[in-house]
Amino acid sequence: MRRKKSEFLPRALENFALRPAAPHASRACFFRPAAAIASAICSFTKIFKIFSRRLFSLRLKNSAVRSWACSAGSASLVAFLFFFVASPSAQSQTLRRNDSERQLFELLNGERTAQGLPELQWDDALFKAARRHALLMLNLNMLEHQIPGEPTLEARLTAAGARFAFIEENIAVGKDPRTIHVGWMDSPGHRKNILDPRVTAVGVAAVRGTGGLFAVEDFSQSLANLSLEQQEKQVTALLTAKGWHVTGAAGDARKACNSNAQPPGARSWSVVHFETTDLRALAPELEKKLRREPYRNVTVGACRTSEAAGFARYRIALLFF
C-alpha cells in the first residue's frame with residue numbers, strides 16, 4: 001500500500017498458530033568479484049572525476065539526493081561494487097540498535113510490566129529480520145507485512161535464524177517512537193500483540209526516511225536450543241513431581257524416540273511419544289493419557305527434530321515398565 005506522507009499508519013499481524021515448518025526453497029545471489037574488479041578499475045578514474053565535481057555542488061536536501069542518485073545511478077553502482085570488493089568486512093559488522101529502537105523496546109516492556117506480564121527478551125535474529133523489512137518498506141515507501149516479491153513473515157524469521165513456536169508482527173510509520181507506540185496501544189490488534197502473554201521475545205526495528213519513521217516489532221514465543229540431556233532433565237523433573245519413578249539410562253528411550261519402534265527385549269514396555277514447544281509443564285491432555293498407563297517406572301528419551309530454525313518443537317519418548 002502506497003502511503004501519504006503525513007499519516008500515521010499501524011498494522012498488526014497476529015495469531016500464527018503452531019505448525020511444523022513447511023519446506024521451502026531458497027535462492028542465493030552470488031557476487032562475481034573478478035569481473036566486478038576489472039570493470040570497476042577500468043571505470044574508476046572517470047567515475048572519480050564525475051563524483052568529485054558533483055560532490056562539491058551537491059546540496060544535502062532530500063530532493064537533491066534523490067535526483068543525484070537517479071542521474072548517477074550507473075556510476076554509483078560501479079563505485080559501490082568496487083568498494084564492496086575492497087571492504088568485504090562491511091557485511092560482517094554487528095547490527096547495532098539505534099535510539100528509536102531502544103526507545104520502542106523500553107516502551108513495550110513498560111506496558112507489559114504495568115500489566116504484570118514478564119518483560120520480553122531481545123532476540124537478535126528477530127531484530128535482523130525486522131530491520132530488513134523496515135528498510136524495504138522505507139525504500140519502497142510502502143506499509144505492508146509482505147512486500148510484493150518478499151518472503152512471508154515465517155520465512156523471513158526462519159532465514160534470520162530464529163526458532164519459535166508462535167509469531168506476531170506490528171508495523172507502523174509515524175513521526176517518532178512515542179507517537180508510534182501510542183498509536184499501537186490505541187489499536188486493539190497491536191495492543192494485543194504487545195501484551196500477549198504467550199510471546200517471550202521480540203526484535204524491534206526503526207528506520208527514518210523522508211516520509212517518517214518506519215517501525216517493525218517482530219514477536220515470538222521462542223524455543224531454546226536445548227541439548228538432549230537438558231530436555232530429558234526437564235521432563236524427568238515434571239514426571240517426578242507427578243509421582244512417577246524415573247529410572248534407567250536414556251539409550252532405549254532415545255532409540256524409540258528416533259524410530260517410533262518398540263524397544264527390544266523381554267521386558268514389558270509401554271511407549272508414549274509426544275512433541276511440545278514448552279517443557280515447563282505437561283499438557284493436560286498428555287497428563288491424562290499418562291495417568292492411564294499401568295506402569296509407574298519410566299525412562300525418558302529425547303531426539304532431534306529436523307528444524308534448525310523456524311517453527312520448531314521438542315520430541316520426547318517415554319518408556320513405561
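Buried here means under 20% relative accessible area, with exposed over 50% and partly exposed in between, using a 1.4 Å probe and protein chains only. The model is predicted, so local features need pLDDT of at least 70 and side-chain atom pairs count only at pLDDT 80 or more, while totals for chains, interfaces and linings use all residues. Residues are numbered from 1 along each chain as its sequence is written, and side-chain values use heavy atoms, leaving out hydrogens and water.

Let's start with helix α5, residues 124-140; helices (H or I, at least four residues) and strands (E, at least two) are DSSP runs numbered from the N terminus. Among the buried residues of α5 are Leu126, Phe127, Arg131, His133 and Met137. Their cover includes α4, β2, α6, β3, β4 and β5.

Now follow β3, residues 163-174, where 12 of 12 residues are buried. Strands pair if DSSP finds at least two bridges between them. β3 pairs with β5 (residues 212-222) in the antiparallel sense over 10 bridges, and Ala172 stands opposite Ala215 there. With β9 (residues 310-311), β3 pairs in the parallel sense over two bridges, and Phe164 stands opposite Phe311.

Finally, look at the second largest pocket, with a volume of about 250 Å³. A pocket is an open set of points on a 1 Å grid over the protein atoms alone, where a 1.4 Å probe fits, with protein on both sides within 12 Å along at least five of seven lines; lining residues have an atom within 4 Å of a point. The volume is the space filled by probe spheres set on the points, which are joined across faces, edges and corners. Its lining includes Gln221, Ser222, Asp278, Arg280 and Tyr314.

How values were computed
The expected span of a helix is 1.5 Å times one less than its number of residues. Contact means heavy atoms within 4.5 Å.
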